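Work through the exercises below with the sequence and the structure in view. Each task is followed by a solution in steps.

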Amino acid sequence: MKMHINVTGRVQGVGFRYTTQLLAQEIGITGTVKNEDNGSVTIEAIGTEEQMAAFLEKIKQPPNSFARVDQLEQYEDSSIQDRKKFQVIY
């Protein structure tokens, strides 16, 4: 399963990308996470349906008090490039 996820809220400058990377590695998700110019964060995630469900639940509830997820939009995107690991894109 390949998912494109856009996260809005207080998700830049608060360690959200690095936390997302750690969660992805913990669950076994591959893909990328990057900041967007509009203040949102885009995630391209690849994993099984079960891995994706666990990943989405965890990123909805940031583990630190600085980050805040207001909205999470997601859709399947088969054009996402396969990856060997999960990386933060700068």
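**Exercise 1.** Decide whether G13 is buried or exposed.

Solution. Begin with the cut-offs: buried is under 20% relative accessible area, exposed is over 50%, and partly exposed lies in between (1.4 Å probe, protein chains only). G13 has a relative accessible area of 82%, so G13 is exposed. Its place is the loop between strand 1 and helix 1; helices (H or I, at least four residues) and strands (E, at least two) are DSSP runs numbered from the N terminus.

The model is predicted: local features need pLDDT of at least 70, side-chain atom pairs count only at pLDDT 80 or more, and totals for chains, interfaces and linings use all residues. Residues are numbered from 1 along each chain as its sequence is written, and side-chain values use heavy atoms, with hydrogens and water left out.

**Exercise 2.** Classify T20 and T30 as buried or exposed, and list what each touches.

Solution. T20 belongs to helix 1. Its relative accessibility is 1%, so T20 counts as buried. Contact means heavy atoms within 4.5 Å. Leaving out residues up to four places away in sequence, T20 touches V33, I43, F55, I59 and F86.

T30 lies in strand 2 (residues 30-35). At a relative accessible area of 15%, T30 is buried. The C-alpha atoms of T30 and K2 are separated by 9.5 Å, at 28 residues apart along the chain.

**Exercise 3.** Determine how helix 1 and helix 2 are arranged.

Solution. The two axes come within 10 Å and cross at roughly 150°. Axes are lines fitted to C-alpha atoms, for helices over the stretch in contact, and angles run from 0 to 180 degrees between N-to-C directions. The crossing angle therefore makes helix 1 roughly antiparallel to helix 2, a term for angles over 145 degrees. The contact is made by F16, T20, L23, A24, E26 and I27 of helix 1 and by Q51, A54, F55, K58 and I59 of helix 2.

**Exercise 4.** Which residues does I59 touch?

Solution. Not counting residues up to four places away in sequence, I59 touches I5, F16, T20, L23, I43, V69 and L72.

Definitions and conventions:
Angles under 35 degrees count as roughly parallel, over 145 as roughly antiparallel, 65 to 115 as roughly perpendicular and the rest as oblique.
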